[in-house]
Amino acid sequence: MEAMELVLLGPPGAGKGTQADHLAAHFGVPHISTGAIFRQNLADRTPLGLEARRYMEAGQLVPDEVTIGMVAARLQEPDARAGFILDGFPRNVAQAEALDRMLARSGVGLTAALLLEADRDLVMARLTGRRVCERCGATYHVEYHPPKVAGVCDVCGGPLVQRPDDRPETVARRLDVYEQETRPVVDYYRRRGLLVTVPAEGAENEVTRRIIAALHHRELEA
Ligand code: AP5
Ligand code: MG
Ligand code: ZN
């Protein structure tokens, strides 16, 4: 397969971060999550993190002026030359247009925009049981992906906590923001013939296999 320049779309809790990790390992390209970059900045108490915090805690999008520049800088880093899995960006049409301009400047075209399709019950079940490592950001689920020792990260031994934006009120807001701001991005890529839709239900490795098969299939058809 050629270079892999992939955008992952889907509602909160669909499994974008989980699948992006598997796909990044499979294709040998970096997993770039805007949410994870904001959370790392917040943990490090940088001005960017402190600015992003109030939006994240309210379940709102961080302003484009902040987000777009951050992604442009990240895509300039050497490891992103061979490709990337973008998780959580673009999240509105202005960001999608900005990404097109960034890629055009470096002569790169997206391989596909992959939509992880999940209904409300599925995302609620996944978000309410999610736990993340406070130290390294690794993601678990109390039922579907429990750590070996309850409350302790398998990777680094750090404490597992609930993400502040996984509280029910904030989840409801994030789902609304997804429908209003991010749905149009799905149509944006559909019109450009880049959209690949994959159901998000089923076990983690089953979803990964489904995604890789869908990407191969698309390549054969192209
Ligand atoms: P972000 O971090 O991107 O959050 P999100 O889009 O709401 O998505 P999540 O991370 O909640 O879900 P996911 O799809 O990654 O699911 P996961 O793999 O963890 O953004 C957070 C905030 O940052 C935003 O609200 C906004 O404020 C800001 N932000 C980020 N990007 C921005 C942008 N571009 N512009 C502006 N603001 C931005 O899986 C969920 C759970 O399910 C886990 O517990 C996992 O273990 C489990 N699970 C996963 N797959 C399976 C499976 N197949 N079977 C069973 N369980 C599974
Ligand atoms: Mg995520
Ligand atoms: Zn950890």
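In this report, a residue is called buried when its relative accessible area is under 20%, exposed when that area is over 50%, and partly exposed in between, using a 1.4 Å probe and the protein chains only. Helices (H or I, at least four residues) and strands (E, at least two) are DSSP runs, numbered from the N terminus.

The model is predicted, so local features need pLDDT of at least 70 and side-chain atom pairs count only at pLDDT 80 or more, while totals for chains, interfaces and linings use all residues. Residues are numbered from 1 along each chain as its sequence is written, chains are lettered from A and ligands numbered from 1 in the order in which they are written, and side-chain values use heavy atoms, with hydrogens and water left out.

## Helices with two sides

Let us start with helix α5 (93-105). Its buried residues are Q95, A96, A98, L99, M102 and L103. They cover an arc of only 160° around the axis, and therefore sit on the same side of α5. The arc is that of the directions from the helix axis to the C-beta atoms. On the other side of α5, A104 and R105 are exposed.

An α-helix has 3.6 residues a turn, so residues three or four places apart point the same way.

Helix α4 (residues 64-76) can be read in this way too. D64, V66, T67, M70, V71, R74 and L75 are the buried residues of α4. Because their arc around the axis is only 160°, they lie on the same side of α4. E65 and Q76 are exposed on the other side of α4.

In α3 (47-58), the buried residues are G49, A52 and M56. Their arc is only 70° around the axis, which puts them on the same side of α3. P47 and R54 are exposed on the other side of α3.

## Around ligand 1

Which residues are the closest to ligand 1? They are T18, Q60, R91, R130 and R174, out of 35 residues that surround the ligand. A residue is near a molecule or strand if one of its heavy atoms lies within 4 Å of it.

By class, this shell has 13 nonpolar, 13 polar and 9 charged residues. Here Ala, Val, Leu, Ile, Met, Phe, Trp, Tyr, Cys and Pro count as nonpolar, Asp, Glu, Lys and Arg as charged, and the others, Gly among them, as polar. At least two shell residues come from each of α1 (16-27), α2 (34-43), α6 (120-128), β6 (139-141) and α8 (204-221). Helix α2 gives the most, with 4 residues.

Some polar contacts to the ligand are in the table; such a contact is a pair of N or O atoms within 3.5 Å.

| Residue and its atom | Atom of ligand 1 | Distance |
|---|---|---|
| R39, polar side-chain atom | oxygen | 2.9 Å |
| Q60, backbone N or O atom | oxygen | 2.6 Å |
| E204, polar backbone atom | nitrogen | 3.3 Å |

Taken alone, ligand 1 exposes 1000 Å², and the protein buries 96% of that. Accessible areas come from the Shrake-Rupley method with a 1.4 Å probe; for residues, only the protein chains shown count as cover.

Q60 lies in the loop between α3 and α4, and Q60 is partly exposed, with a relative accessible area of 35%.

## Details in the loops

The peptide bond from F89 to P90 is cis, with omega near 0°. P90 is found in the loop between β3 (83-87) and α5.

R45 has a phi near 55°, a positive value in a residue other than glycine. R45 sits in the loop between α2 and α3 and counts as exposed, at 54% relative accessibility.

How values were computed
Polar contact = N/O pair within 3.5 Å; in protein donor to acceptor, adjacent residues only side chain to side chain. Expected span 1.5 Å × (residues − 1).
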